[in-house]
Amino acid sequence: EFAKRGSGYYNASATIVDGETQWWKELAHDASDLEHQTKCEDLLVESLTRTDRYLLALRFQSKKSHATSCAEFAEFCASTKLIGKIVRGMCSKTCMCHTHLTPLFSRSGCTNICLANLALELTYPSWKH
């Protein structure tokens, strides 16, 4: 949709939800659609056109209006706030959700495949990602 801002127009994708619970349902639904890989990867780079609304949310929450990659949001991986959960969901590999060799206190938001890789690593210490 095109929205008017100041004297011009811009193209923006957005989702309007009733609250945080609905937001997480939307994120989980989209993540399950995107999460077809067999190894831990960042979903944000999987298909930017499908994750634009999450990129916009990350930019808003982080106050990094020009950030485009998981590397630019990595400082929020360990956050226990909402921004951390969103970043871990879209940038699970960058946040190292797949390994115990990370300072993450919370893995909330990490993708299922990355958590499965973590379980493999803990069960079979010699297993390589």
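Visitor: What is the torsion about the S-S bond of C77 and C95, and is the disulfide left-handed or right-handed?

Guide: The torsion about the S-S bond of C77 and C95 is about -75°, so this disulfide is left-handed. The model is a predicted one, in which local features need pLDDT of at least 70 and side-chain atom pairs count only at pLDDT 80 or more, whereas totals for chains, interfaces and linings use all residues. Residues are numbered from 1 along each chain as its sequence is written, and side-chain values use heavy atoms, with hydrogens and water left out.

The sulfur atoms of C77 and C95 are 2.0 Å apart, where a disulfide is a pair of cysteine sulfur atoms within 2.5 Å. C77 sits in the loop between α3 (70-73) and α4 (82-90), and C95 in the loop between α4 and α5, so the bond ties together parts that are 18 residues apart in sequence; helices here are DSSP runs of H or I with at least four residues, and strands are runs of E with at least two, numbered from the N terminus. Both C77 and C95 are buried, a word that stands for under 20% relative accessible area, with exposed over 50% and partly exposed in between (1.4 Å probe, protein chains only).

This pair belongs to a set of four disulfides found in a search of the whole structure. With the bonded cysteines of the chain numbered in sequence order, they pair as 1-8, 2-4, 3-5 and 6-7. One of the others joins C97 to C110, with an S to S distance of 2.1 Å; the torsion about its S-S bond is about -65°, and therefore this disulfide is left-handed. C97 and C110 are in the loop between α4 and α5, 13 residues apart, and both are buried. By contrast, the torsion about the S-S bond of C40 and C114 is about 90°, which makes that disulfide right-handed. It ties C40, in the loop between α1 (20-34) and α2 (48-62), to C114 in helix α5 (residues 112-123), parts 74 residues apart in sequence. The sulfur atoms of C40 and C114 are 1.8 Å apart.

On α5 itself, I113, C114, N117, L118 and E121 are buried. They cover an arc of only 150° around the axis, so they lie on the same side of α5, the arc being that of the directions from the helix axis to the C-beta atoms. N112, L122 and T123 are exposed on the other side of α5.

The loop between α3 and α4, where C77 lies, also holds E75, which is linked to K64 in the loop between α2 and α3, 11 residues away. The side chains of E75 and K64 meet in a salt bridge of 2.6 Å, N to O, a term that requires a side-chain nitrogen of Lys or Arg within 4 Å of a carboxyl oxygen of Asp or Glu. The structure holds one salt bridge. E75 counts as exposed because its relative accessibility is 59%, while K64, at 24%, counts as partly exposed.
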